[in-house]
Amino acid sequence: MAELDIGKHCQVDSCNLKDFLPFVCDSCGGVFCLEHRSKDGHSCSKESVKRESGTAGGTTSYPCSFEDCKGKELLPVICPQCEKHFCLAHRHQDDHKCEKLEVQKPRMQATKELVQKIVESKDGSKSKGRRGAKNSATAAKVALMKLKLHAAGDKGLPQTERTYFQVYLPKEFKDSSKPMFFCSKWSVGKVVDYAASLAGLKNNNNVLTAKKLRLCHPQTGEAFQMDDTLLSLLAHPETPLYNGGNVILEYLDNECTGLNDISDYITQN
């Protein structure tokens, strides 16, 4: 009967022991006995290569260049601008405060903001006027639809020529304001006369020594000239009136050019 060849010899030269249940190294693929089965036991050649590779290209080879950072990476993470190694947390220019970081845009923006502040400080009244005008225009558009439903005026006027106002009346009058509409082609003098008749106000504008009923701007308090037209006031470049906006009627002395305080009128309603 032929003998069965069972087992294999340990590949360690100094051992060569035949083991019936030999061990195979998962790194180098060699066959070893129980005593030499560990990688250290048979001085595994593949394991030593791995260790050398880890020492040469491992975490110690690519430390982060950012100040006080102890991070390391297995693979190089290089900034394309300054060409230094960084960890993943500091890989962006902003994160590692790159010496070649583009800063022109932020500086330009800061300069632009500074110039804008200087211009606004020198022209503060005009800036406030523009903001106030924008707010007034928006409010007038919202109020216009409501005014059209309730405003009193000449029903014979074409819709295209009608200009609507919430007319604030003199302080001593029982009603604080009334919605009215006028022809946009009328002069201020005609608007004052017509508004006085609609509201039942005493109008002594033809009496030399009497106080005059004047139409005033709702924001500046300035009294308009009697020969100005509504069209010109609606198109005024600085402080225009708005279709759907407010105007103030008040008795003023002959030498008076406007109202000192307009808040008493607008807050009444």
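## The largest pocket

The largest pocket of this predicted model has a volume of about 380 Å³. A pocket here is an open set of points on a 1 Å grid over the protein atoms alone, where a 1.4 Å probe fits, with protein on both sides within 12 Å along at least five of seven lines. The volume is the space filled by probe spheres set on the points, which are joined across faces, edges and corners.

The lining consists of 22 residues, and A139, Q166, G244, G245 and N246 lie nearest the centre of the pocket; a lining residue has an atom within 4 Å of a point. Two or more lining residues come from each of α3 (124-150), β5 (162-168), β8 (245-252) and α6 (263-266). Helices (H or I, at least four residues) and strands (E, at least two) are DSSP runs, numbered from the N terminus. The most is given by α3, with 7 residues. By type, the lining holds 12 nonpolar, 9 polar and 1 charged residues. Nonpolar covers Ala, Val, Leu, Ile, Met, Phe, Trp, Tyr, Cys and Pro, charged covers Asp, Glu, Lys and Arg, and the others, Gly among them, are polar.

## The second largest pocket

The second largest pocket holds about 220 Å³ of space. It is lined by 13 residues, with E250, Y251, L252, L259 and Y265 the closest to its centre. Here β8 gives the most, with 3 residues. The lining divides into 5 nonpolar, 2 polar and 6 charged residues.

## The nonpolar cores

In soluble globular proteins, nonpolar side chains tend to be buried together. A nonpolar core is a set of buried Ala, Val, Leu, Ile, Met, Phe, Trp, Tyr and Cys residues joined through side-chain atoms within 4.5 Å. Buried means under 20% relative accessible area, exposed over 50%, and partly exposed in between (1.4 Å probe, protein chains only).

The largest nonpolar core has 29 residues, of which F165, V167, L169, F182, L201, L215 and L249 touch the most other members. Two or more of its residues come from each of α3, β5, β6 (177-183), α4 (188-199), β7 (212-216), α5 (230-234) and β8. The largest share, 6 residues, belongs to α4. Beyond its neighbours within four places in sequence, V167 is in contact (heavy atoms within 4.5 Å) with S176, S177, K178, M180, F182, V247 and L249.

## The loop between α1 and α2

The loop between α1 (45-57) and α2 (104-122) contains D68, E83 and A89. Most residues other than glycine have a negative phi. D68, however, has a positive phi of about 70°, and E83 has a positive phi near 60°.

D68 counts as exposed because its relative accessibility is 74%. E83 is exposed at 62%, and A89 is exposed at 53%. The C-alpha atoms of A89 and F66 are separated by 10.0 Å, although these residues are 23 apart along the chain.

## The protein as a whole

The protein has 6 helices and 8 strands, in the order β-β-β-β-α-α-α-β-β-α-β-α-β-α. Of its 269 residues, 32% count as buried. Among contacts with a separation of 6 or more, 43% join residues 24 or more positions apart.

## Basis of the values

Residues are numbered from 1 along each chain as its sequence is written, and side-chain values use heavy atoms, without hydrogens and water. In this predicted model, local features need pLDDT of at least 70 and side-chain atom pairs count only at pLDDT 80 or more, whereas totals for chains, interfaces and linings use all residues.
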